[in-house]
Amino acid sequence: MEIDKNLALTYVRSDIEILAEQWEENEIRAYVNRIRGQIGLLLTTKVISIEEASALEDEMAKSRKTAASNLQKS
């Protein structure tokens with residue numbers, strides 16, 4: 001089975017966007033773990049490069065920061 005790179009990146013990025021909207025600590029942690037697992041799978045299967053994985057991690061960090069600010073507001 002071959003993984004479509006564009007579809008996979010779209011899927012990961014959609015989870016990254018959803019992460020930014022979270023306001024419960026457990027949900028934030030769950031999404032971070034889920035996204036890291038997805039990135040790891042894509043990296044292991046050589047669908048994405050290390051540079052692309054690093055860029056996705058950076059995007060996730062920004063979303064996690066936004067989610068953390070949501071946590072403080074609630």
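Predicted model: local features only at pLDDT ≥ 70, side-chain atom pairs only at ≥ 80, totals over all residues.
Local features were considered at pLDDT of at least 70 and side-chain atom pairs only at pLDDT 80 or more, whereas totals for chains, interfaces and linings use all residues. Residues are numbered from 1 along each chain as its sequence is written, and side-chain values use heavy atoms, with hydrogens and water left out.

Two packed helices are described by the angle between their axes and the distance between the axes. Helix α2 spans residues 25-44 and helix α3 spans residues 50-73; helices are DSSP runs (H or I, at least four residues) numbered from the N terminus. The axes of α2 and α3 come within 11 Å and cross at roughly 175°, where axes are lines fitted to C-alpha atoms over the stretch in contact and angles run from 0 to 180 degrees between N-to-C directions. Helix α2 is therefore roughly antiparallel to α3 (the term applies to angles over 145 degrees).

The contact (heavy atoms within 4.5 Å) involves E25, I28, V32, I35, R36, I39 and L43 on the α2 side. These residues meet I50, A53, L56, E57, M60, R64, A67, A68 and L71 of α3. By class, the contact of α2 with α3 comprises 12 nonpolar, no polar and four charged residues. In this classification Ala, Val, Leu, Ile, Met, Phe, Trp, Tyr, Cys and Pro are nonpolar, Asp, Glu, Lys and Arg are charged, and the others, Gly among them, are polar.

Five salt bridges are present in the structure, each defined by a side-chain nitrogen of Lys or Arg within 4 Å of a carboxyl oxygen of Asp or Glu. One of them joins K5 to E52, with the closest N and O atoms 2.6 Å apart. This pair links distant parts of the chain, as K5 belongs to helix α1 (residues 5-20) and E52 to helix α3, 47 residues apart. K5 is partly exposed at 32% relative accessibility, and E52 is partly exposed at 26% (buried means under 20% relative accessible area, exposed over 50% and partly exposed in between, with a 1.4 Å probe and protein chains only).

A salt bridge also forms between R34 and D15, at 2.6 Å from N to O. Here R34 of helix α2 is linked to D15 of helix α1, 19 residues apart. R34 is partly exposed at 37%, while D15 is buried at 4% relative accessibility.

Within helix α2, E25 and R29 lie four residues apart, about one turn of the helix. Their side chains meet in a salt bridge of 2.7 Å, N to O. E25 has a relative accessible area of 46% and is partly exposed; R29, at 42%, is likewise partly exposed.

Conventions
Helix = DSSP H or I, 4+ residues; strand = E, 2+ residues; numbered from the N terminus. Parallel < 35°, antiparallel > 145°, perpendicular 65-115°, else oblique.
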